[in-house]
Amino acid sequence: MAEYNESDLVTAGTLDKMLRRFATLIGNPSAAKPHYNAETGRYDNLGDWLSLMADGLVYGVQIPRYAYSPVTTAIKTGANAGLVLEESTETSAGRNDYDGKLLFCCVRVNGGVDADGMPYVTAIEGYDDRFNEKLYNTYALTAVYYYRVTRDASYDHCEYTDTPRTGFKPCYGAYTADGKLRPYILRACYMDSDGTMDSKSGTVPGAWYGGVVDNRVQHCMSNDFSWSKNRSSDGLTYLTYGDITYQEDFMSLMLGVKAPREKAVGCVSYDFQYTVAAAEEGVKRVLLTDAQASNILVGSSVSIGDGSAATTDRYQVVLHNIAKSAKVLSKVAQGDGTTAVNLDLSANVDIPATATVKTMPWRNGSCDGVLGTFGSMTAAGLTNGRMPFKFQNVEWNLGLYETLVNMYSTATVEETEATHLWRIAPDISACTGINAGAGWTALDQKTTGQINNWRYIKDYVTEKGARVPENVAGTSTTGYRTAWYPSASAGDRATFVGGPLYTGAHAGVGCVLSYNALSSATWHFGGRSSAVGHSAPAE
């Protein structure tokens, strides 16, 4: 009898996966590889192709409830136990045990969404020579997944799988508004740059700087809602709660954390603005004082302006007509109290004495060089609060505002208590307005405590496909989705943060206009095209 090692044995999970692949290929041999239809310019069998990777296993994570334990770590369970995801940088690739598993698929593609909400793909990174992240809209293709959350006094038991199972719900965004199951979901890799719903590398995130910058739009809850509602050419909308839920849930699942910011903070405290120490002509650098340059990180991006539109308003920045965004290559002390900050500019520029170096905005595509699907330009960049990071091939800045279009809340004040009613729009195109409009689904109603004071969310309850606060007064260690600010006049602000909450520079992805009314558009970086905005609720 031939000898064998224990490592040669086929596990039940591997056998199940092999049988699924075999059955799929028998029934549909053409699913073995992606098929590009030259007539339509699209791939036409990606749903079948992706199903070959399905293993039907349940990947879990136990998240401690705050009353039981305030720790920020979580416990991987089921098929997830023992799997490792390590951060990558521009120079080294970390370990990724999730590679090749359908549930965690996030291949970058070019494509879009049709008006009926169905996604389509025109090019696949690493598979064809048509893929181009700078010329075409770029998305991370993720599988439709199914989830179940059970709770006891100690833990939230979160489970995820790539295959429909009894007791599991489809993820938010699995279905179009017409109730059709999507073959996959597209998640924008980059923030919108000019209000046209693009998702392209190498651009500067769109923003409104006191109206002085060309090709920028006024992103706010009211405007983004109206624009998304009236888009008839495609099924895209702005960032939704479903997008953030995916990002947070999978960070918890893959990184084994209750608080994602323990592993990746983003740009939350890097908002310096310095006037150059000296003017220069025909250079690819700027001179700063040694003290100023010490706050500029190699590997990060900065913007340079000529000072013509500088104001004393902390939420406005100078007109960036020298270099919109440039990567810092190195720093060299000059020995005279100044440091040369060398930049990756494509051409030499003249730096007048009035030039201002601004560490915001960051350039979309800053993390494209990261080797893998999770990481930052440097290992320190994940936690120092000064660099964007990539997770599941989606680049997150955090610290830059992005508006959640399909979720908001209102507050009714009674003395010092505020009752908050949270609402979500399963299909924005069906809504008639925000505050009193039709088409919104009431999720939950909670009382927070004294109004006009920050409250931290302890844990969450999942209702109708979205996560909403269960109670407050915990700590900020629960993640990005950590705080709300109740207001009688403008409703709550659901805030995703990675740091202190005292300035706009510290507010994060999903901040529904902190410090402002829903219609305010001051100092907001905006938008991320979403394919799940026009979708049916996960029942």
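Tutor: Strand S5 (residues 107-113) pairs with S6 through 5 bridges, in the antiparallel sense. Strands are DSSP runs of E with at least two residues, helices are runs of H or I with at least four, and both are numbered from the N terminus. Two strands pair if DSSP finds at least two bridges between them.

Student: What should I know about the model before going on?

Tutor: This is a predicted model, in which local features need pLDDT of at least 70 and side-chain atom pairs count only at pLDDT 80 or more, while totals for chains, interfaces and linings use all residues. Residues are numbered from 1 along each chain as its sequence is written, and side-chain values use heavy atoms, with hydrogens and water left out.

Student: In S6, which residue is the bridge partner of Gly-111?

Tutor: The partner of Gly-111 is Val-121 in S6.

Student: In what order do the strands of the open sheet lie?

Tutor: The open sheet has 4 strands in the order S6-S5-S7-S11, and their pairing is antiparallel. Strand S6 (119-124) and strand S11 (185-188) are the edge strands, each pairing on one side only. On average, neighbouring strands of this sheet are turned by 55° against each other, direction ignored. For such angles, axes are lines fitted to C-alpha atoms, for helices over the stretch in contact, and angles run from 0 to 180 degrees between N-to-C directions.

Student: Is strand S3 mostly covered or uncovered?

Tutor: One judges this by relative accessible area: buried means under 20%, exposed over 50%, and partly exposed in between (1.4 Å probe, protein chains only). Strand S3 (residues 59-64) is mostly covered, with 6 of its 6 residues buried. Tyr-59, Val-61 and Ile-63 point one way from S3, Gly-60, Gln-62 and Pro-64 point the other way, and all are buried.

Student: Which strands are joined to S3 by bridges?

Tutor: S3 runs antiparallel to strand S4 (residues 75-78), to which 4 bridges join it. S3 is also joined to strand S9 (residues 155-161) by 6 bridges, again antiparallel. Tyr-59 illustrates both pairings: Tyr-59 stands opposite Gly-78 in S4, and its bridge partner in S9 is Tyr-160.

Student: How many salt bridges does the structure hold?

Tutor: Side chains of opposite charge can pair when their charged atoms come close. A salt bridge is counted when a side-chain nitrogen of Lys or Arg lies within 4 Å of a carboxyl oxygen of Asp or Glu. The structure holds 13 salt bridges. In one of them, the side chains of Asp-114 and Arg-42 meet at 2.9 Å, N to O. This pair links distant parts of the chain, 72 residues apart: Asp-114 is in the loop between S5 and S6, and Arg-42 is in strand S2 (residues 42-43). Asp-114 is partly exposed at 26% relative accessibility, and Arg-42 is partly exposed at 27%.

Student: Where do Asp-156 and Arg-65 lie?

Tutor: Asp-156 forms a salt bridge with Arg-65, their closest N and O atoms being 2.7 Å apart. Asp-156 lies in strand S9 and Arg-65 in the loop between S3 and S4, so the pair ties together parts 91 residues apart in sequence. Asp-156 is buried, with a relative accessible area of 7%, and Arg-65 is buried at 14%.

Student: May we close with one further pair?

Tutor: The side chains of Arg-130 and Asp-128 meet in a salt bridge at 3.2 Å, N to O. Arg-130 is partly exposed at 30% relative accessibility, whereas Asp-128 is buried at 16%.
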